[in-house]
Amino acid sequence: MGTLLVTGGAGFIGANFVHHWRSRHPGDRILVLDKLTYAADPSQLEGLPGVDLVQGDVADPEAVRRLLDRGDVRRIIHFAAESHVDRSISGPAAFIQTNIVGTFTLLEAARQVWAGDQEARFLHVSTDEVFGSLGPEGCFTPDSPYRPNSPYSASKAGADHLARAYAQTYGLPVLVTNCSNNYGPRQHPEKLVPKAISLMAKGEPVPVYGDGLQVRDWLYVEDHCEALSEVLARAEPGSVHLIGGACERTNRELLGTLADRVDQRLGRTPGASRALLQTVPDRPGHDRRYAIDLAPIRRSLGWSPRTSLDEGLERTLDWYLEPNRRPASRR
Ligand code: NAD
């Protein structure tokens, strides 16, 4: 099937996906298009055979056309995005440019170059945050209405709508996935789990937004990569798939569990890291709860998450706490 184009492949999920795909399809060529923003860590891809990294902007039509005009790219998995909700509140412009204009630019180039090729695939990776906030009961399904609450989720929602429109209007073989919160190796230290581990390890206060009772469904990144592989290989063009970890926890519960494990690993008195949790004012527009109904993806693709939170956190702690394994930019 030619070359796989991975946008945002030097970021957290993208880099994990490149490693995942490389190990399962050693004969495939992988082309990574990444702007190498602050969020990227290109060292994650160093030395991987068959992987070429091109620095470029998904919102730059010429850069995108140069890659697609080579003619060998018939599958695209689109991760590239501005992804941090707090940054979208303080500076939304980059989110509109990359997440909406960038997705449009890629879709448009694929439409022109693929010219009706129904064997090609464009997988747009999105978030469950586009569906807004749930009450204490219920789950998101592929039919949930869009109700984004932050500039980040609104920009991803805009991109999802464009992806859908390109499938409906032009018959572009587009797939869309919306997943819950990922955790695991290679994540940027500004995100909740790596940030908490790093602060706890240093014995510094760990901020907890508001009452800390916001519920997230934690998905181990390797499980997510497996689900994406299945979607890319087997899902019907035009279909939408929700991917979750079947692991709902409040932020306080997650941080408490993490704190206990950090204490164990570092041989500290039990409770020492929990004492570092410190309430700070809540994030504006902070969604209360996300949860995903896994029945549809179980039925359509036979996929379920495999990694328990215990196992996933152990592997995550291995990555962040082992000095020889963590790269400088991810400390
Ligand atoms: P990340 O911020 O770690 O990585 C994003 C990557 O995209 C970086 O390498 C960055 O350099 C690159 N990038 C940014 N702007 C670009 C541009 N204009 N052109 C080319 N490359 C650009 O993000 P992530 O956590 O790996 O998320 C990947 C995708 O998954 C995103 O689309 C995000 O919305 C989605 N997602 C993430 C999560 C999560 O928990 N991390 C959950 C749901 C959905």
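First, the ground rules. This is a predicted model, where local features need pLDDT of at least 70 and side-chain atom pairs count only at pLDDT 80 or more, while totals for chains, interfaces and linings use all residues. Residues are numbered from 1 along each chain as its sequence is written, and side-chain values use heavy atoms, with hydrogens and water left out.

Start with the sheet. Seven strands make an open sheet, ordered E3-E2-E1-E4-E5-E6-E11, with parallel pairing. Strands (E, at least two residues) and helices (H or I, at least four) are DSSP runs, numbered from the N terminus. Two strands pair if DSSP finds at least two bridges between them. From one strand to the next, the twist averages 20°. Axes are lines fitted to C-alpha atoms, for helices over the stretch in contact, and angles run from 0 to 180 degrees between N-to-C directions.

Zoom in on one pair. E1 (residues 3-7) and E2 (residues 30-34) pair in parallel over four bridges. Leu5 has Leu31 in E2 as its bridge partner.

Now the helices. H4 (residues 93-114) packs on the sheet and touches E1, E4 (73-78), E5 (121-127) and E6 (174-179). Contact means heavy atoms within 4.5 Å. The direction of H4 makes about 165° with that of E4. H7 (residues 221-234) also packs on the sheet, touching E1, E4, E5, E6 and E11. Its direction makes about 145° with that of E5.

Next, polar contacts, meaning pairs of N or O atoms within 3.5 Å. A polar side-chain atom of Tyr152 is 2.6 Å from a ligand oxygen. A backbone N or O atom of Asn182 lies 2.8 Å from a ligand oxygen.

Note on methods: A polar contact is a pair of N or O atoms within 3.5 Å; within protein, one must be able to donate a hydrogen and the other to accept it, and residues adjacent in sequence count only if both atoms are side-chain atoms.
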